[in-house]
Amino acid sequence: MSILDPKPETAQRDDLRQIQLERLQATLNRAYRNVLLYREKFNKAGVLPEQVRSLEDLACFPRTTREDLLAHQPFGLFAVPLHDVVRLHPAAGAGGPVVVGYTHNDIAVWTRMAARALTSAGVTKEDVVQISLDYAQDAAGMGAQSAAELLGASVIPASGLAPKRQAELLKNYRVTVLIATPNQALHLAQTLGSEDPAPLSLRSAFLVAHAWTPDLHKEIEERLQIKTYASYGLSEMTEPGLATECGEHNGLHLSEDNFLAEILDPETGAPLAAGQAGELTLTTLTREATPLIRYRTGCLAILHPEPCACGRTLQRIELVSGRIDNIVTVEGVRLTLEQVQEVVNDLLPGAPCNLAVLQEDGAETLEVRIAIDDPSLFADQMKHMQALREHIKAHLFEHLGLWTVVRLVEQTREEK
Amino acid sequence: MLRIENLAAAYGQILALKGVSLHVSRGEIVTLIGANGSGKSTLLAALAGLIRPKDGTVYLKGKDVTRLSAEQRVRKGIALVPEGRQLFAPMTVEDNLILGGYTRSQSDAREDLEMIYNLFPILRERREQAAGTLSGGQQQMVAIGRALMSRPALLLLDEPSMGLAPKISREIFQSLRILVNAETSVLLVEQNARLALAVSDRGYVLETGQVVLEGESASLRNNHDVQRAYLGRGYQEGWETNQETANAR
């Protein structure tokens, strides 16, 4: 399969490191000058941008968390004036949305990056591409559309359509590539049901996700008889294009001329050796509007520096299931346990809860289990408990923007 | 071709460059833009070996040249076209050019002289004239030609458009595109950011001795900060700029 931009994608490691160092230094200089969050963080840690003389020196700088970003909403993270920002993508997640701004140049860089990603998944101008991603929920939809159009493919924006309509489009317009979340793709496969997938023109699915879901990929491949390509992204970062599988399917090539990845010990923040699993921490190297420095993704990953048979010299990320913090991702929305707990405690002070993500028919639902320390409640009428559950459910929806399944359990049982 | 890591330089107590990293690839024209005092000319002076850096490393074709003298650097392939041309005014055009080829054999220098006359035909006509009697644009051609006589791998240009009429500047910049090839790359410092970004492949924006932006020239032209600071308030993306881009290319 071809490589869209051989210069950065097959660069010598030395050349790439030089470009990364230059861009890192420029990013730190700009962030320190223009963004209060970073100026305060750097000052507090007693570090200055000019102390970064090599990529490894970044380890002395403080990490950035989602909470940091939340504290500077809506526009406090921008390194350029608002009137230079041409698009805003509020990234849903724990604690509310975090807005990511894009300048004209940011969008051009992103589109190119996403086009590289689609190329590595074999998309060409001959393809008919159906994009099922929700354009409002996820920035990836617009990124994928611009990229596919840049490559000259024929794009069908199918955002927000019911699976039945999606299936019709897929059949009627001889769609060859599907761009969707793994769940959307599975839903579509289920909608097609027992239909023989052989007459479909569909060849591959480019699956955009915040987490690693190999089982889902396998099921989609089997049901639709296609190849799948994983694209990892975060709404706070740029997707698609951040990291993508190539035809070799041995990890996701990181767009290293645009991002610097570190694998850190989640507890101490100390850098881990190549091959060890740790928290993926990312720094943007080319973003103008919203630079992010040492952003903690909360994802566990291993970095593989060895060259890949596809010819790309870009390091590969191997995503490891599980997260290091209490974050769950439901239909692209990231939530922390603490945040759900807080909402639950509005109504039931002191009641502990835990979270689970239910997978059913390709759809994800968040289950909130709440331990109740009041046996009388369980002895009471069912009607009363039902009303309480509905009340909590509505309250959660109001605060999290997500319908959940609420289960009430006796505290004693939960403790066992 | 050229790789600079964390270059720092000072004039007395004043740190004019604070850890600048940049590179110029083979066959590239790279421009440095920045306000007065941002460190652009200091960077060129440090590269040419005219001032000694406080810190950092300079690699030319993979070899560390940080500690070499200005003269040794010329032999390694770095040539500077200084601000204000600095020609030997009473000497003829041809003698000025030949001086630039002092590191080469006579026959090689002859050959290069031909190449320079082909690049700037007006100099052939004026070859016997004293350099000081030429117009500003022609003097700039002599200065560039003199630097080219050493067959540099890297040509450093400090404000080539200074004091020249816009039309002449454009001609000079057009010649840069012609002379850049697999053997010669260009690092350009220029007040006229619009013209520099039109002719170059990539650029770096310097502010108070630090790089704050790096990118392809086309994307720097689209950057609003660059437009506000270096392209002037009246910057128009209309006829004039397109014209300049077309001409420079």
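Glu159(B) is buried, because 22 other C-beta atoms lie within 10 Å of its own; a residue counts as buried with 20 or more such atoms, as exposed with 12 or fewer, and as partly exposed in between, the C-beta atoms being placed from the backbone. The model is a predicted one, in which local features need pLDDT of at least 70 and side-chain atom pairs count only at pLDDT 80 or more, while totals for chains, interfaces and linings use all residues. Residues are numbered from 1 along each chain as its sequence is written, and chains are lettered from A and ligands numbered from 1 in the order in which they are written.

Lys61(B) belongs to the loop between β4 (55–60) and β5 (63–64) of chain B. With 13 other C-beta atoms within 10 Å, Lys61(B) is partly exposed.

Which residues of α7(B) are buried? They are Ser169(B), Arg170(B), Ile172(B), Phe173(B) and Leu176(B). Seen down the axis of α7(B), these buried residues fall within an arc of 160 degrees, so they line one face of the helix; the arc is that of the directions from the helix axis to the C-beta atoms. Lys167(B) and Ile178(B), on the other side of α7(B), are exposed.

Another helix of chain B, α6 (residues 136–148), contains Leu148(B). Leu148(B) is buried, with 23 other C-beta atoms within 10 Å. Leaving aside residues up to four places away in sequence, Leu148(B) touches Asp112(B), Ile116(B) and Leu179(B); two residues are in contact if their C-beta atoms, placed from the backbone, lie within 7 Å. Leu148(B) and Gly101(B) are 47 residues apart in sequence, yet their C-alpha atoms are 8.1 Å apart in space.

Chain B as a whole can now be described. It has 11 helices and 10 strands. Its radius of gyration is 18 Å, which agrees with the value near 18 Å for a compact globule of 249 residues; this radius is taken over C-alpha atoms, and the globule rule is 2.2 Å times the number of residues to the power 0.38. Buried residues make up 50% of the chain B total of 249. Of the contacts in chain B with a separation of 6 or more, 71% are between residues 24 or more positions apart.

Chain A has 13 helices and 18 strands. Its radius of gyration is 22 Å, close to the 22 Å that the globule rule gives for 416 residues, so chain A is as compact as a globular protein of that length. The C-alpha trace of chain A spans about 70 × 65 × 45 Å along its principal axes. In chain A, 47% of the 416 residues count as buried. The domain assignment, which is automatic or from a database, gives chain A domain 1 (6–322) and domain 2 (330–415). The C-alpha centres of these two domains lie 32 Å apart.

Two peptide bonds of chain A deserve attention. The bond joining Gln73(A) and Pro74(A) is cis, with omega about 0 degrees, and Pro74(A) is in the loop between α4 (66–70) and β1 (87–91). The bond from Glu239(A) to Pro240(A) is also cis, with omega near -10 degrees, and Pro240(A) lies in the loop between β7 (227–232) and β8 (243–245) of chain A.

Finally, the two chains meet: 16 residues of chain A are in contact with 17 residues of chain B. On the side of chain A that touches chain B, the elements giving two or more residues are α2 (13–34) and α5 (104–120). The most come from α2(A), with 8 residues. As for α5(A), 13 of its 17 residues are buried.

Terms used
Helices (H or I, at least four residues) and strands (E, at least two) are DSSP runs, numbered from the N terminus.
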